[in-house]
Amino acid sequence: MALITVKDLSLGYEKTVVASGINFTVKEGDYFCIVGENGSGKTTLMKTLLGLKAPISGQIIRGDVLERNEIGYLPQQTEVQKDFPASVKEIVLSGCQGRCGRRPFYSKAEKALAAQQMERMGITPLASRCYSELSGGQQQRVLLARALCATRKVLLLDEPVSGLDPEATEHMYELIKQLNDEGVTIIMISHDITSVKKYASRIMILGGDAA
Amino acid sequence: MIDKLTLYLQFPFVQYALIVGVLIALCSSLLGVTLVLKRFSFIGDGLSHVAFGAMSIAAVLELSNNMLIVLPVTVLSAVLLLRTGKNAKIKGDAMIAMISVGALAFGYLLMNIFSTSSNLTGDVCSTLFGSTSILTLTQAEVWVCIALSVAVVVIFVLFYNRIFAVTFDEDFARAAGTRVDLYNLLIAVVIAVIIVLAMNLVGSLLISALVIFPALSAMRIFKSFRSVTVFSACASVLCALTGLLVSILAGTPVGSTIVAADVVFFGLCWMIGKVKGGVRV
Ligand SMILES: Nc1ncnc2c1ncn2[C@@H]1O[C@H](COP(=O)(O)OP(=O)(O)O)[C@@H](O)[C@H]1O
Ligand SMILES: [Mg+2]
């Protein structure tokens, strides 16, 4: 069952094309990796897939099993949140936002879901800690728990291991693999093809040929 | 001193001033965290100057209720600043500097050319640094202020979770289907309303202080969004009350006294944060 089909996609900013001629299909249960050099347009591709920006040309077809708020997103680390006062719990819970509809507050079920995802990522003991005081690996697990609150089906991960030490990197890959085994479709971006080969079911090279 | 205070507190105008002061302090602190973290604080600054410009137009037109012109103009500018801040050829901050300094210059020019008042410098000074007008509020003005404050607080509480999501991670919120642009707009409009309200209390030059200091103080000590929000609201109200009482008793200017209280409080929080941080690490 195809979740996302991309046909002859070009992406970029205003008039500058960053990447073009992109074709791929992601099926349910895939572990799909997009690999490319820095600046090859991986983050741009992810934002286009998420509908955060419009493609220059081409098509993105979402399977009807996939509503807009059924995608979980792990953004590339940014410096913006560095001194943000937010507890782990608050951040994970904010992943339930898409489920709220017009309701202003989170329901009991959503709070339970957030607690469950924190447990799944092993960050329950950190629940009331401040996000900005955590290690890189812990921060990524918080954001992963948040993404899991938003979806049961598809995770889009933008360089989830960048900046992590080897041990945390290995742990992160194991977690992602485990999620995939539990039935979550993974679309992951990386610039490190050797480690990705070990886990991914399919790999696409951006700025090169699909493999 | 206590006698003097209890005597003063029996006057309706003092009671009005305290009510309005507390409400304005409460409202202005609520969005402070968002403003600081979204790097929107300069928008607040720009808007206050626009409000000054609008105020002088209202003064020149001799409108009885200057809210009628100041509120719409400021809200409109907030919307414009937010729009242009994102995708204009002129960079956002330069744009804001242009608008705010321009509004300031035009405002003063207008007042200078058209004003019929004999005490022009006094008028300008009180619009910039807050006037004693907080002590001459009519009952109707107090009600308008209460209504607007209640609206601000209700909106903030209802949209608290969304404001958090949009402030923490715009892209994620958008991907999850939150209407980010709508909430950014909401934030800008609420800021505009707060600024217009706060002009009465501290004057247009000192508004940013009222919005930003409580948030910065709270961020020294607290580490979750909720505790920072609650603490900055309490701190802001406390400082406003202190400032008001001191200025009533000692006859100092209301606006600057309140802001001075905020600055002192920030210093305290900064030190507590240092000590706490030093112990913990
Ligand atoms: N907001 C932007 N406006 C214009 N160009 C951008 C923007 N963001 C990124 N780019 C450009 O797009 C190209 C691809 O960037 P990006 O997708 O972030 O690459 P990657 O994630 O693969 O490292 C880069 O050359 C970058 O300079
Ligand atoms: Mg990138």
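**Domain interface in chain A**

Trainee: In this predicted model, how many residue pairs are in polar contact across the interface of domain 1 of chain A and domain 2 of chain A?

Mentor: A pair counts here if both residues are at pLDDT 80 or more. On the domain 1 side, β6 (154–158) and α6 (166–181) of chain A each supply at least two residues that touch domain 2 of chain A. Across the interface, the number of residue pairs in polar contact is 4.

Trainee: Which element gives the largest share of the side of domain 1 of chain A that touches domain 2 of chain A?

Mentor: That side of domain 1 divides into 10 nonpolar, 1 polar and 3 charged residues. The largest share is 5 residues, and they come from α6(A).

Trainee: Which residue forms a salt bridge with Arg120(A)?

Mentor: The domain assignment places 77–152 in domain 2 and 1–66 + 153–211 in domain 1 of chain A. Between the two domains the count is 1 salt bridge. Its closest N and O atoms are 2.6 Å apart, and the partner of Arg120(A) is Glu182(A).

Trainee: What area do domain 1 of chain A and domain 2 of chain A bury between them?

Mentor: The C-alpha centres of the two domains lie 22 Å apart. In contact are 14 residues of domain 1 and 11 residues of domain 2 of chain A. Carbon and sulfur atoms account for 67% of the buried area, which is about 1,100 Å².

Key:
Residues numbered from 1 in each chain as written. Chains lettered and ligands numbered in written order. Predicted model: local features only at pLDDT ≥ 70, side-chain atom pairs only at ≥ 80, totals over all residues. Heavy atoms only, no water. Domains from an automatic or database assignment. Contact = heavy atoms within 4.5 Å. Buried area = accessible area lost by both parts, 1.4 Å probe. Salt bridge = Lys/Arg side-chain N within 4 Å of Asp/Glu carboxyl O. Polar contact = N/O pair within 3.5 Å; in protein donor to acceptor, adjacent residues only side chain to side chain. Helix = DSSP H or I, 4+ residues; strand = E, 2+ residues; numbered from the N terminus. Nonpolar A, V, L, I, M, F, W, Y, C, P; charged D, E, K, R; others polar.
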